[in-house]
Amino acid sequence: MSTVQATNITCPHCGRTNRVPVAAEGRPRCGNCKQPLPWMADAGDDDFTEVVEQATMPVVVDLWATWCGPCRMVSPALEKVADLAGTIKLVKVDIDKNPRLARRFEVQAVPTLLVLDKGQIIARQSGAAPAPALRRWVEQSIAVREPAGKG
């Protein structure tokens with residue numbers, strides 16, 4: 001049974017605050033200007049399947065901890081990457097509050113970043129990196145999932 005949780009996202013185009021469900025079909029758009037919104041959410045042991053594995057777009061998962069300095073540094077960089085609106089969903093998982101996910105993904109260091117597509121890991125990276133490097137990593141990870149010769 002799903003409880004519809006939502007997060008507030010400010011539209012980078014018009015500045016309007018939008019309530020975006022953490023799990024939904026399709027891609028979120030601003031209710032005011034109809035532009036794609038960055039999709040950021042939190043997930044945990046109990047709702048990871050619904051929020052991440054059932055997503056219809058690639059999901060960047062940030063496995064982090066509150067006590068981790070590099071995690072606090074990478075968070076704003078990831079939010080800049082989340083502006084790939086309509087392309088990815090960014091989901092943060094606090095490993096201290098969600099030990100099953102930490103074990104499942106064999107987290108040895110934080111932050112650990114994953115790119116999942118339909119629940120399958122297509123890329124993994126540990127450690128902090130600046131926004132341009134994270135953006136390249138995400139874009140390259142997503143590109144490898146596209147069928148060759150498409151277009």
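**Figure 1. The loop between α3 and β6, with P111.** In this predicted model, P111 sits in the loop that joins α3 (99-104) to β6 (112-117). The peptide bond from V110 to P111 is cis, and its omega is near -5°. E106 is found in the loop between α3 and β6 as well. The phi of E106 is near 50°, a positive value in a residue other than glycine. With a relative accessible area of 58%, E106 is exposed. Most peptide bonds are trans, and most residues other than glycine have a negative phi.

**Figure 2. K118 in the loop between β6 and β7.** The loop between β6 and β7 (120-126) contains K118. K118 is not a glycine, yet its phi is positive, near 55°. Its relative accessible area is 62%, which exceeds the 50% cut-off, so K118 counts as exposed.

**Figure 3. Helix α2 and its kink.** Helix α2 covers residues 69-81, 13 residues in total. At 1.5 Å a residue the helix should span 18 Å, and the C-alpha atoms at its ends are 19 Å apart, which agrees. A kink of about 30° is located at S75, shortly before the proline P76. S75 is also one of the buried residues of α2.

**Figure 4. The disulfide between C68 and C71.** The sulfur atoms of C68 and C71 lie 2.5 Å apart and form a disulfide. The count of disulfides comes to one. The torsion about the S-S bond of C68 and C71 is about 80°, so the disulfide is right-handed. Both C68 and C71 are buried. By contrast, C30 takes part in no disulfide; the nearest cysteine sulfur belongs to C14, at 3.6 Å. C30 is buried, with a relative accessible area of 1%. C33 is in no disulfide either, and the nearest cysteine sulfur is that of C11, 3.6 Å away. C33 is partly exposed, at 24% relative accessible area.

**Figure 5. P12 in the loop between β1 and β2.** P12 has its place in the loop between β1 (6-10) and β2 (17-21). Its relative accessibility is 53%, so P12 counts as exposed. Leaving aside neighbours within four places in sequence, P12 is in contact with L37 and P38. P12 and C30 are 18 residues apart in sequence, and their C-alpha atoms are 9.4 Å apart in space.

**Figure 6. The whole chain, for context.** The secondary structure comes to four helices and seven strands. Read from the N terminus, the order of elements is β-β-β-α-β-α-β-α-β-β-α. For 151 residues, a compact globule would have a radius of gyration near 15 Å; the protein has 15 Å, which agrees. Along the principal axes, the C-alpha atoms fill a box of roughly 40 × 40 × 30 Å. Of the 151 residues, 46% are buried. Among contacts with a separation of 6 or more, 59% involve residues 24 or more positions apart. The accessible surface comes to about 8200 Å², and carbon and sulfur atoms account for 50% of that area.

Methods:
Residues are numbered from 1 along each chain as its sequence is written. This is a predicted model: local features need pLDDT of at least 70, side-chain atom pairs count only at pLDDT 80 or more; totals for chains, interfaces and linings use all residues. Side-chain values use heavy atoms; hydrogens and water are left out. Helices (H or I, at least four residues) and strands (E, at least two) are DSSP runs, numbered from the N terminus. The expected span of a helix is 1.5 Å times one less than its number of residues. The bend at a residue is the angle between axes fitted to the seven residues ending there and the seven starting there. Buried means under 20% relative accessible area, exposed over 50%, partly exposed in between (1.4 Å probe, protein chains only). The radius of gyration is taken over C-alpha atoms; the globule rule is 2.2 Å times the number of residues to the power 0.38. Contact means heavy atoms within 4.5 Å. Accessible areas come from the Shrake-Rupley method with a 1.4 Å probe; for residues, only the protein chains shown count as cover. A disulfide is a pair of cysteine sulfur atoms within 2.5 Å.
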